[in-house]
Each structure stands twice: as C-alpha cells, then as structure tokens.
Amino acid sequence: MDPTLTRRGFLPAADPLTRFPAGSPLEPLDDLGRDLPSLLEDANARTFLREFPIPRWPTDAVSPADLPALRLYYVRLGFVASGYVNQVGPAPATVLPRNIAVPFAHACKLLDRPPILSYDGYALYNWKRFDPAKPVALGNIDTFQNFVHLYDEHWFILVHVEIEAIAAEALAAIEAGANAAAANDAGGLDAALTHLAANVNRMAAVLRRIPEKMDPHVYYRAFRPYIRFFENVVYEGVEQTPMSYRGETGAQSSVMPALVAFMKVPHAPSTLTNHLADMRRFMPADHRRALEGIAALPDPRPLASADTYNAVLEAIAVFREVHFGWADLYIHQRVADPRGTGGTPYRQWLQQLVDETRGHKK
C-alpha cells in the first residue's frame, strides 16, 4: 500500500494549496472564489459569470508537481460551475457557458474525472489548518471555498475532512491485517481488526457531531442545492449533447468502499450496487487504484476470531446508521423528492447497506 495512504488516508499528501502564486495568470480565480458566495446572492450572477474571463489551465499534461495547483483550479472552477447551474432561486441552468465549460472540462480531463464538482473538490482539497503543527481536526481546520457565507456549510465539509484524516489509521490497520492474514498470523490479524474497529468508531463519533453547527433548514435550503447533480446540461464548446452527472455526495469518499473491500462484505447485486460502482468514476484516479489493490488483499474472515471480525462489521454498520439518521433529519423530513445530491433514491438503500453488513458477521 502507498505509504501516503497510511499516513494521510485519502487526503492529499500535503495540505491543499489555497491560493495561486501572486502574479500568476490563475490568480483572478482566487478573487472569484472569495466573492462567489456574494455573487450567488445576486439575480445577475449568471450574467457576471458568463462574462468573466476564466483563465485556461496552461498545459495539456500534468506532472506530480502540478497537482496541488491543478486541484485548486478544479476546486475554484467546480464551485463556479455548480454555482452557475444550480444557483438558488432560478431554475437550474441547462447550458454551462463556454468560458466556464471549456477550461473546466480541460482540467477535469487532466484529472481523469467527469466535469462536475465532486466530493474530492468539495472536501478533500478544500481545507486548511490554522496551526500546521496541530492535527487535521475540527477546531484547527477551515474551508477556503464555499457556496454560502453561513458557517453551517464550513462545518458540513470539515466534519468529513476530519473523518478522512482519522481514516489514515484505518488504512494502516488494513495493511497490518492483510500482512497478518498472508502470514497466517491469527493473533496479528485480530490485533489489526481490533484497531480497525476502534478507528471506525472514532469516525462515527465525529459524524455524530454534524448537528452541533449545521441547522437542517440551512443545509436543505441554503447550500444543498449547490451540490445537486447536473441533469441534461449542455457544456458549450465541449459537447452539444446534454450531459448528466452525479452531484457531490459522501458516497464518493473512498473510506467506506475501502472497508467493504477489505472485509469482503457481499452486497447483493442491485441498482444500489450499480450506483456505488458508478460513484467510483467521481473519485480521484489514485483512489480508484487503491481500492482495487485493497479488494485484492487476502480475505481476513476465515482466520479472524468472530469477536474481532464482527466488531469491525458492527462499527461499519453503526457508522452507516448515523449517516442514515442524518439523511432522514436533513433531507427526508424536508423533501418529497427521494433523490440525494448524487441523483439516487438513497433512503431505501442505506438500510440495505446496514442490513447486509450485519448479515456478514461470523
């Protein structure tokens, strides 16, 4: 496993770049990103954004050294594109104008991902530490790009960032468990699974903190619409056929898929599993490769003790139940449309995931 995964989880190897260098041709995007929440409050926002001279990413290839700046470029343009299409107030736009669509599609092609803001741009690349010497944890992190001025949106993103940081230990436990299973070391495997269960429980504890600083009405009405899917949108200058893409959703995080892949939890083939498989298209390319590697690791179930193996599955089920509870409070109780931001009837599926996870216990 890549050492970065066991040190940083699925967060970037170094803290994200938050501004382009002074004097860079891309620097105007920082001002645009700062002003975007105010612009989106104005009825003329789309006119302004259609006329804004978006600078193109300057190369047609990307090196590892380019990635931090390219990810920042993707964050800035991803927010602009979703803000334009899903501005609160008017009906969703059906055309993404050329000045946004062409440079955004170009950057997304370089990142090997669909041209829409996804979980990586909304959360994984969208944070900074107040004190670089302290952990990536609530109280020491903030976002640098948002759709609205309300702190509720910051909190929503930052809870996920801390969960991603905690997950680095889960990946280290997965690596230790896989090594123990390959060596037929039952004691080592049980120790790794015990650590893994405790780590997933820590993630669930952070997820439970969502209501501390996020009001359900603010979430549903103020900023959830901006992370909604695109439906039949023409990317002017890129593709004249209307395109549909899934919106930002936690299902695009690689944490739960990594746990499921390692524990070999069998989910019955269904529209749900097809949906989850499709969500991988919206993950960073290196995360997709990491999940393939984890899926190829030895199955820990035959060698593990029932207690330690089941403890991990129970922790995963509890995490999913907490998520289900927030989906019910923040979405289901406020909307007749059963589709989540990813464009799916999420509610019935979340319970299926919980049930099938518990059903795999030894």
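## Second largest pocket

Helix H12 (285-295) supplies the largest share of the lining of the second largest pocket, six residues. The model is predicted, and in it this pocket holds about 560 Å³ of space. Its lining counts 28 residues, and those closest to the centre are Asp-2, Thr-4, Leu-5, Leu-11 and Asp-286.

Besides H12, the elements that give two or more residues to this lining are helix H1 (3-8), helix H4 (67-85) and H7. Sorted by class, the lining of the second largest pocket has 17 nonpolar, five polar and six charged residues.

## Largest cavity

Rolling a probe the size of a water molecule over the atoms shows where empty space is left. The count of cavities of 30 Å³ or more comes to one. About 40 Å³ of space lies in the largest cavity.

The largest cavity is lined by Phe-10, Ala-167, Ala-170, Leu-171, Ile-174, Val-255, Ala-258 and Leu-259. H7 and H10 are the elements that give two or more residues to this lining. H7 contributes the most to the lining of the largest cavity, with four residues. By class, the lining of the largest cavity has eight nonpolar residues, no polar and no charged ones.

## H7 against H10

Helix H7 spans residues 151-182 and helix H10 spans residues 255-263. The two pack at an angle of about 15 degrees, and their axes are 11 Å apart. Angles under 35 degrees count as roughly parallel, so H7 and H10 are roughly parallel to each other. The crossing of H7 past H10 is left-handed.

On the H7 side the contact involves Glu-164, Ala-167, Leu-171, Ile-174, Gly-177 and Ala-178, which meet Val-255, Ala-258, Leu-259 and Phe-262 in H10. This contact has eight nonpolar residues, one polar and one charged. Ala-167, Leu-171 and Ile-174 of H7 take part in the contact and also line the largest cavity. From H10, Val-255, Ala-258 and Leu-259 likewise belong to the contact and to the cavity lining.

## H8 against H10

H10 also packs with helix H8 (residues 186-207), at an angle of about 155 degrees and with the axes 13 Å apart. Because angles over 145 degrees count as roughly antiparallel, H8 is roughly antiparallel to H10. H8 passes H10 in a left-handed crossing.

Leu-193, Leu-196, Val-200 and Met-203 of H8 make the contact with Val-255, Leu-259, Phe-262 and Met-263 of H10. The contact of H8 with H10 consists of eight nonpolar residues, with no polar and no charged residues. Val-255, Leu-259 and Phe-262 meet residues of H8 and also residues of H7.

## H2 against H4

Helix H2 (residues 28-39) and H4 cross at roughly 40 degrees, and their axes come within 10 Å. H2 and H4 are therefore oblique to each other. H2 passes H4 in a left-handed crossing.

From H2, the residues in contact are Leu-29, Asp-30, Leu-32, Gly-33 and Leu-36. Their partners in H4 are Leu-72, Tyr-73, Arg-76, Leu-77, Phe-79 and Val-80. By class, the contact of H2 with H4 has eight nonpolar, one polar and two charged residues. H4 is also among the elements that give two or more residues to the lining of the second largest pocket.

Technical notes. Residues are numbered from 1 along each chain as its sequence is written. This is a predicted model: local features need pLDDT of at least 70, side-chain atom pairs count only at pLDDT 80 or more; totals for chains, interfaces and linings use all residues. Side-chain values use heavy atoms; hydrogens and water are left out. Axes are lines fitted to C-alpha atoms, for helices over the stretch in contact, and angles run from 0 to 180 degrees between N-to-C directions. Angles under 35 degrees count as roughly parallel, over 145 as roughly antiparallel, 65 to 115 as roughly perpendicular and the rest as oblique. A crossing is left-handed if the near helix is turned anticlockwise from the far one by less than a right angle, and right-handed if clockwise. Contact means heavy atoms within 4.5 Å. Ala, Val, Leu, Ile, Met, Phe, Trp, Tyr, Cys and Pro count as nonpolar, Asp, Glu, Lys and Arg as charged, and the others, Gly among them, as polar. On a 1 Å grid over the protein atoms alone, a cavity is a set of points where a 1.4 Å probe fits but cannot get out, and a pocket is an open set with protein on both sides within 12 Å along at least five of seven lines; lining residues have an atom within 4 Å of a point. Grid points are joined across faces, edges and corners, and a volume is the space filled by probe spheres set on the points.
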